[in-house]
Amino acid sequence: MKKALIVYGGWDGHEPQQTAEHMAGVLRKEGFEVEVSDTLDSFADVKKMNSLSLVSPVWTCGQMTPEQTSGLLDAVKAGVGIAGWHGGMGDAFRGNCGYEFMVGGQFVDHPDGIKEYTVNITDHDDPITKGIKDFKVTSEQYYMHVDPSNEVLATTTFQTTAAPWVNGCVMPVIWKRMWGKGRVFYFSVGHVLKDFEIPEVTEIQKRGSLWAAR
């Protein structure tokens, strides 16, 4: 049986426990044995990490120790998949360059706060997004610094009042990439549990997690 580890914590505003438990349920229905942990020390358990098919960090902000960082990065580099969403993966462990290099991006702002915006599917052939049409979200629209080596599957276009100088900017929302032998999947939607009530959001996160899992 495939094993998944979901580690949650950090800023409570992103409902880390609730979203972690939601995705744990989704993965269990897909046949995974899922452990949900509230400590970053899980990443430093090398034996545990190397036994996984998938790891999902749900930890906005915070800091990892060198041992926790190497435990996570080395496991992914060796082939453990990693998949996450919103700030739980894309605004985690600020200043940890190795972690940000692996993820392929870092949150920097969400102009206008909560707003309605459109997620535009740009790759209609990839199994993660195949058959899914553009959809609207009322949530934080993430402006991110992103790695140009990412394989982008969906984008959003900014039209803001708070930062009009970025209007028209096309920003990646969904991407995948490699970190050594490990597959990396990221989806910038998922501010709170309610976002996962949008069918496309849960479906895409599920597919991305299944793609990432070895």
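In which loop is Phe93 found? Select the loop between helix H4 (86–90) and helix H5 (97–103), and Phe93 is there. Helices (H or I, at least four residues) and strands (E, at least two) are DSSP runs, numbered from the N terminus. Phi of Phe93 is near 55°, a positive value in a residue other than glycine. Phe93 has 0% relative accessibility and so counts as buried (under 20% relative accessible area, with exposed over 50% and partly exposed in between; 1.4 Å probe, protein chains only).

The model is predicted: local features need pLDDT of at least 70, side-chain atom pairs count only at pLDDT 80 or more, and totals for chains, interfaces and linings use all residues. Residues are numbered from 1 along each chain as its sequence is written, and side-chain values use heavy atoms, leaving out hydrogens and water.

Next, select Asp112, in the loop between strand E5 (105–109) and strand E6 (114–121). Its phi is also positive, near 75°. Asp112 is partly exposed, at 29% relative accessible area.

Now show the strands. Nine of them form an open sheet with mixed pairing, in the order E2-E1-E3-E4-E11-E10-E9-E6-E7. Two strands pair if DSSP finds at least two bridges between them. Strand E2 (33–37) and strand E7 (135–140) are the edges, each pairing on one side only.

Within the sheet, pick strand E4 (residues 81–85) and strand E11 (residues 182–187), which pair in the parallel sense over four bridges. Gly84 stands opposite Tyr186 in E11.

Finally, select helix H1 (residues 16–29), which lies across strand E1 (3–10), E2, strand E3 (54–60) and E4; contact means heavy atoms within 4.5 Å.

Definitions and conventions: Axes fitted to C-alpha atoms, helices over the stretch in contact; angles between N-to-C directions.
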